[in-house]
Amino acid sequence: MSRLDFKTRDRAEKTVEGLYKDLERRIIASPPGLCPVDMASAFLKMCHAQTCGKCVPCRVGLGQLENLIQDVLNTNRGDNEISLDILRLIEKTAQAIYDSADCAIGYEAANMVLKGLNGFREDYEEHVLHRRCAASIMRQRQSVPCIEMCPAGVDVPGYMALARDGRCEDAVRLIRKDNPFPTVCAFICEHPCETRCRRNMVDSAVNIRGLKRFAVDNAKNVPVPKRMPDTGKRVAIIGGGPSGLTAAYYLSLMGHSVKIFEKREQLGGMLRYGIPSYRLPRERLQEDIDAILSTGVEVELNYDMSSEEDANIIRNEFDALYIGIGAHIHKEIGIPGEYSRGVISAVEMLRGIGDGTLPDFEGKDVVVIGGGNVAMDVARTAKRLGAANVNIVYRRRRDDMTALAEEIGGAVAEGCNLMQLMKPSGIEANHDGNVKRLWVKPQIIGTNDTAGRPSPVDADVPEVEIPCQIIISAIGQAIDTAHFEKLGIPVNRGTIKAQSSSGIDGFPGVFAGGDCVTGPSTVIAAVAAGKVAAANIDAYLGYHHEMEVDVEIPEPKLEDKPPCGRVDLKLRLSKDGGGNFEEIEQGMTCQEAEQEASRCLRCDKYGFAAFRGGRTGKW
């Protein structure tokens, strides 16, 4: 008999691994609005099946916890009479398991229940007190996952079906009903719609942004909808970024006279002054801006509302005011030497480039501090400006970076070097006051912080020096709210305090939205804020105009939907001409677009959406 055997995976093991992957895909595709109580029960069943049976808290405790949660769910059927005391018993049982289980199988399962109970207590109470599921009430208002995940509520299945049929002009018209930036979002949207795409259950999400790009690339001139009759009302918008322009577009279509007051020389906000042209070509940005202005929107550029007199003039001349000033101020690094010559902020650098002023990085060593999309943008821009070396310094790991994975990968592919787990500690300058080197302290990952992110701590090793002539700070942006605070507009922790309707308490007719309310966020979130503000400003002015579009959506084709590889957009990186600012992403061919659009499961026509009567045709 042999001493050792070479183990190979048998058929059963391969099957189990396949089932785990299927389960993982199903979790990824979980739609919004699932009952958290039901979900906790399902996860507990799976966790209980994983127990080894050694310790009582795991073997017996999880089973009892599962029974208690099932009792809460059974109240919907009237099977038993329970009180809110059961929630305290669930909490006590879960805490006991968490404190006494031998391994993570037990204590992490209990921790999951504790998190759910704390985060969704109202849902548990709804089951106990009213014998109903609060999530089911919310689901009655829900559409398909991709539409629900889009902040602006764009009809995703509709425009993908139109693109598949080659009706690209109609696809653009459909998108504009909810988002006046179809071209911009086709290039740079962070596509939250893909995160819950049900195609994940089969293989991977449909390339929704790629199909939008195909539609805008192949659509001919698409005029905006006809403007509704003039109302005689005037609306002022402070800020010509994506949020302000969106509000202006819809309010103008509704028949109101709209005027945008913009501080910079050109419209676009962070679309122009925060995103490099290799990701968003300026002529493509201008396409959307020109379409918005074609509705009759007036613009005053180089306008800085810096006094109470300016604010009073606007309030007296206009019937409503929308504040959408964005986040255009850089945050300080907070280390010695940060005011040395050669230290610049990412916001100021990109702003200058947006106005056509290119910094001289030729042959220089550049260090970028930060791990977000802006950090990747300035790092890749520095390479295009001729920097000899670009190091990206981040105090956490690559997996913890807030930048999109494709942006990080693109920066690395173009020659940028990621220096992970390095915390800036000081900047050393030469005798002329110019940057000489950045000192960083190596980090080691500690326990998670309150937000659930790993907290790095100083490692027991010496500091590291990084020779450089340029340091770019990309650690975040802030909002210039000082002028509005003087006017009495409420500000909370650096952002304007507004309601979910965009209205501001105590200031009738004044609304705010976008980054100045939420903090730095995504383009599609800013668009959504402008859309919400437009609807509520219209209501404030005494109207109820409805935005709709007369586009007929193609019916689903009767065909199988077998697993199929996703079509990703091809990139032109530095190896083949990425040293300039030409766009790096290539759109789909007609064949690729038809193939990718055919992967859509048409959730707008099948499943629960069919019982709702289909899509929402107007807002």
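**Helix packing and cores**

Author: Helices H3 and H5 run roughly parallel to each other. This is a predicted model, by the way.

Reader: Why are H3 and H5 called roughly parallel?

Author: The axes of H3 (residues 56-74) and H5 (residues 104-119) cross at roughly 20° and come within 10 Å. Angles under 35 degrees count as roughly parallel, so H3 and H5 get that label. Their crossing is left-handed.

Reader: Which residues of H3 and H5 meet?

Author: On the H3 side you'll find Cys58, Leu62, Leu65 and Ile69, and they meet Ile105, Gly106, Ala109, Ala110 and Val113 of H5.

Reader: How many residues of that H3 and H5 contact are polar, and what makes them count as polar?

Author: There is 1 polar residue, next to 8 nonpolar and no charged. Gly counts as polar here, and the contact includes Gly106 of H5.

Reader: H3 also packs with H4. Is that pair roughly parallel or roughly antiparallel, and how do you know?

Author: H3 and H4 (residues 85-100) pack at about 160°, and their axes are 10 Å apart. Over 145 degrees counts as roughly antiparallel, so H3 is roughly antiparallel to H4. H3 passes H4 in a left-handed crossing. Among the contact residues are Leu62, Leu65 and Ile69 of H3 and Ile86, Ile90 and Ile97 of H4. The contact divides into 12 nonpolar, 3 polar and 1 charged.

Reader: Which residue of H3 makes for the charged one?

Author: Asp counts as charged, and Asp71 of H3 is one of the contact residues.

Reader: What about H9 and H10: why is H9 described the way it is relative to H10?

Author: H9 (residues 156-164) and H10 (residues 168-176) pack at about 170°, with axes 8 Å apart. That is over the 145 degree cut-off, so H9 is roughly antiparallel to H10. H9 passes H10 in a left-handed crossing.

Reader: What makes Tyr159, Leu271 and Ile537 stand out in the largest nonpolar core?

Author: They touch the most other members of that core, which has 79 residues. Helix H22 (residues 523-540) gives the most to this core, with 8 residues.

Reader: What is Ile537 in contact with, leaving aside its neighbours within four places in sequence?

Author: Ile537 contacts Val235, Leu251, Ala320, Tyr322 and Phe511. There is also a second, separate core of 27 residues, including Cys35, Ala40, Cys55 and Leu62.

Conventions. Residues are numbered from 1 along each chain as its sequence is written. This is a predicted model: local features need pLDDT of at least 70, side-chain atom pairs count only at pLDDT 80 or more; totals for chains, interfaces and linings use all residues. Side-chain values use heavy atoms; hydrogens and water are left out. A nonpolar core is a set of buried Ala, Val, Leu, Ile, Met, Phe, Trp, Tyr and Cys residues joined through side-chain atoms within 4.5 Å. Buried means under 20% relative accessible area, exposed over 50%, partly exposed in between (1.4 Å probe, protein chains only). Helices (H or I, at least four residues) and strands (E, at least two) are DSSP runs, numbered from the N terminus. Contact means heavy atoms within 4.5 Å. Axes are lines fitted to C-alpha atoms, for helices over the stretch in contact, and angles run from 0 to 180 degrees between N-to-C directions. Angles under 35 degrees count as roughly parallel, over 145 as roughly antiparallel, 65 to 115 as roughly perpendicular and the rest as oblique. A crossing is left-handed if the near helix is turned anticlockwise from the far one by less than a right angle, and right-handed if clockwise.
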